Structures are given as structure tokens and as C-alpha cells.
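Please keep the sequence and the structure in view while reading.

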Amino acid sequence: MEDIYTIFLDYYNNNPPVVEPEFLDALCFLGTLGIVLNILNIVTLSMSIEQVTYKILMGMAVADLLVNITLFCCSIIFQAVSNTVKLASFMPTSLAFTLMRGFASISNWSAVLMATIRLLVVTFPLKAAIYASPKRVKVSIGLIYILCIGLQVLFYAMVAYWLGILSNFALLLYVFPILFEILPMAVCLVLTVMLLIQFGRAHAKAKNLVSQTQMDERVKEQRKLTFTSLLTLTFFIITYLPLVIHELIDLANMYSINASNHYPTTTHILSKVTLILQSCNHTGNFFIYITANSTLRKNFLQKFAKVKTAVCAGRTASSV
């Protein structure tokens, strides 16, 4: 069988799928929107950082911000280039894709961490403070950042410098999509289903024991956090499922292609659709937090009121 990377490179050099200007405009818009919304996320979450779940959401927001900054910069650079932009610019071996996947993988594994913490809180409420202490959560978030960025740097270094002597390049094309996209998606799906079941049981038990008005404030806050986490995880699963399907199709076809084969057009279309959905995943969490969590909504309105007051005061002073 011919070398897989040679087939991959020959095809995208000789018959490259083109990226339409409208597609770059959409990526630029999503990147800009994502930067603004994730800055708002960070500001809003920083006002309630004492909760471990909010710490994880903060880590996700920072990673999502980095994804959108990379997306925005790449789309602007590609739009400024006079030559036609090729879809290969968004392929696994490109620097733009490597950066995006590195930051996106942080967000993905942070979602796994959040699902694990919420499942522990709902299943073992009395022991959750021990298992999910703020210090352990901070260490876990730090490890996620270090490992995800470190492995992406290693991947790009192997592609850039060792490709000429790397006989098992195909192994990289297998391992990294599985490790950073397929595996966190699968784990998140299982944990979300388990969390939904446990949340339903806990809710039914709470209704039998006490009325809604008699519920302790801490219990209400935990339920609110769990509900917000469930919505965030569901949004992640919906927006990342097409990407996982796309990766599975590529992995299944990896060893069946040869030098005369061409990747089907539907694969190129699916690549664009999955990139748009992936960008939406790293942009839309703000709306979930504001609509589903009254604490974060209150924080946002307070901060917005302060900014509005400061702006009005500045205008008044300048007019005088």
C-alpha cells in the first residue's frame, strides 16, 4: 500500500477543494462573535469563581476564547491572501488546524471534567466536597491545559521535522482525532446520560421529602449548576456529533484509499459544516449561562449596569 501521507498530500495539492469567500466570512463573523461572548463569559464567571463548576466553566471560556481568536485571525489572513484559499489550510497537518484543535481539545476535556464533577455531586452529595475540592479541580484544569497543548506541539513537531523518516505517519492521523475529539465526545455522552438519570432521581426524591419553598439554598444552587451543566453538555454533544461522524468516516477510509482515489465531495461539504458547528460550540455557551442560570444572569446584569453607569458618567463629565 502506498504511503498514506503521500496520498493525502498529492490529492490536496493536485485537486484541492476551494474555500468560498462566503465560508471565510462566516468563520470571521463566528470568530468575532465568539471573542466578544467569551470575554463576557469570563467577566461573568469571575464574579462567582468560588464554585468549582464555575472554575471549570471559566477554564472552558478561556479555551473557547483562544479557539475564536485563532479562527478570527486565520479567516482574516486567508481573506487578505490574493490566492485562492484551499480547504487543506484547515486539514489536520496545518498550523491553523493544530492551534484550533489544541485549544478546542482543552474545552472538550474540560467538559468531561465538568460532567464528572456534576455526576459526583449528584450521586454522592455528602462526599462530593472531598472528591471535588477546589484545589483538585484547579490541578485538573491545569493538567488538561498542559497535556492538550503539549501533545499538539508534539504532533506538529513530528509532522514538521520528522515526516521524512516517519514510517507510521498514519498512526498520528488515527491517534489524535480519537484522543482529542472522538474520545471526549464519547465519554461526555455516557456521563451526560448518567447525570441526567441521577438528576431525575434526585429531583424526584427532593419533591417527596420537602416542598420547593423549603429547599435549602445550597441544594437549589447545586440543582441550578447541574441543570446548566446538562444544557452545556447537550449543546456540546449536538454541535460535535457531526465532527465525530466525519472523523470516523475519515478513519474508516484511511487505509482504503490509493493514489488514484479522490475523497468524495460530500466529505468536503461535511468538513465545512463540522467546522461551522465546532465554531458555534465555542461561541454559544454564553446564551446558555444567561438563560439557564439566574446567578450568572444576575452577575451579567450587575456588570452591565456598572459599565452603563460609568459610560453615562463619562459622557456627562465630557459634556460639562
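## A briefing on the predicted model

Y54 lies in helix α3. The model that contains this residue is predicted. The protein chain has eleven helices and zero strands, and 46% of its 320 residues count as buried.

- Y54 counts as buried because its relative accessible area is 1%, under the cut-off of 20%.
- Beyond the residues up to four places away in sequence, Y54 touches L45, S48, I49, E221, L225, N293, T295 and L296.
- The C-alpha atoms of Y54 and I42 are 9.9 Å apart in space, and the two residues are twelve apart in sequence.

**The overall fold**

- Among contacts between residues at least 6 apart in sequence, 85% join residues at least 24 apart.
- Helix α10 is mostly covered, with six of its eight residues buried. These buried residues are N285, F286, I288, Y289, I290 and A292.

**The nonpolar core**

- In soluble globular proteins, nonpolar side chains tend to be buried together.
- The largest nonpolar core in this model has 55 residues. Those with the most contacts inside it are L45, I56, L57, I106, I117 and L233.
- Two or more residues of this core come from each of α2 (21–45), α3, α4, α6 (134–161), α7 (169–209), α8 and α10.
- Helix α4 gives the largest share of this core, 14 residues.
- Which residues does I106 contact, leaving aside its neighbours within four places in sequence? They are A63, I144, Y145, C148 and I149.

**C148 in helix α6**

- C148 has its place in helix α6. With a relative accessible area of 4%, C148 is buried.
- Not counting residues up to four places away in sequence, C148 touches G102, S105, I106, W109 and F180.
- C148 and F103 are 45 residues apart in sequence, and their C-alpha atoms are 7.6 Å apart in space.

- S110 is found in helix α4. Its relative accessibility is 1%, so S110 counts as buried.
- Apart from neighbours within four places in sequence, S110 is in contact with I56, M60 and I144.
- A distance of 9.2 Å separates the C-alpha atoms of S110 and P184, which are 74 residues apart along the chain.
- E50 is found in the loop between α2 and α3. Its relative accessibility is 58%, over the cut-off of 50%, and therefore E50 counts as exposed.
- E50 and P134 are 84 residues apart in sequence, and 8.1 Å apart in space from C-alpha to C-alpha.

**The cavity**

- Rolling a probe the size of a water molecule over the atoms shows where empty space is left.
- How many cavities of 30 Å³ or more does a search of the whole structure find? The search finds one.
- About 30 Å³ of space lies in the largest cavity.
- The residues that line the largest cavity are M60, D64, S107, A111, T232, F236, N281 and N285.
- Helices α3 (52–80), α4 (95–123) and α8 (217–253) each supply at least two residues of this lining.
- By class, the lining has three nonpolar, four polar and one charged residues.

**Confidence in the prediction**

- The protein chain averages a pLDDT of 78, and 72% of the residues score at least 70.
- Where pLDDT is low, the predicted coordinates should not be read in detail.

Conventions
Residues are numbered from 1 along each chain as its sequence is written. This is a predicted model: local features need pLDDT of at least 70, side-chain atom pairs count only at pLDDT 80 or more; totals for chains, interfaces and linings use all residues. Side-chain values use heavy atoms; hydrogens and water are left out. pLDDT is the predictor's confidence in each residue, from 0 to 100. On a 1 Å grid over the protein atoms alone, a cavity is a set of points where a 1.4 Å probe fits but cannot get out, and a pocket is an open set with protein on both sides within 12 Å along at least five of seven lines; lining residues have an atom within 4 Å of a point. Grid points are joined across faces, edges and corners, and a volume is the space filled by probe spheres set on the points. Helices (H or I, at least four residues) and strands (E, at least two) are DSSP runs, numbered from the N terminus. Ala, Val, Leu, Ile, Met, Phe, Trp, Tyr, Cys and Pro count as nonpolar, Asp, Glu, Lys and Arg as charged, and the others, Gly among them, as polar. A nonpolar core is a set of buried Ala, Val, Leu, Ile, Met, Phe, Trp, Tyr and Cys residues joined through side-chain atoms within 4.5 Å. Buried means under 20% relative accessible area, exposed over 50%, partly exposed in between (1.4 Å probe, protein chains only). Contact means heavy atoms within 4.5 Å.
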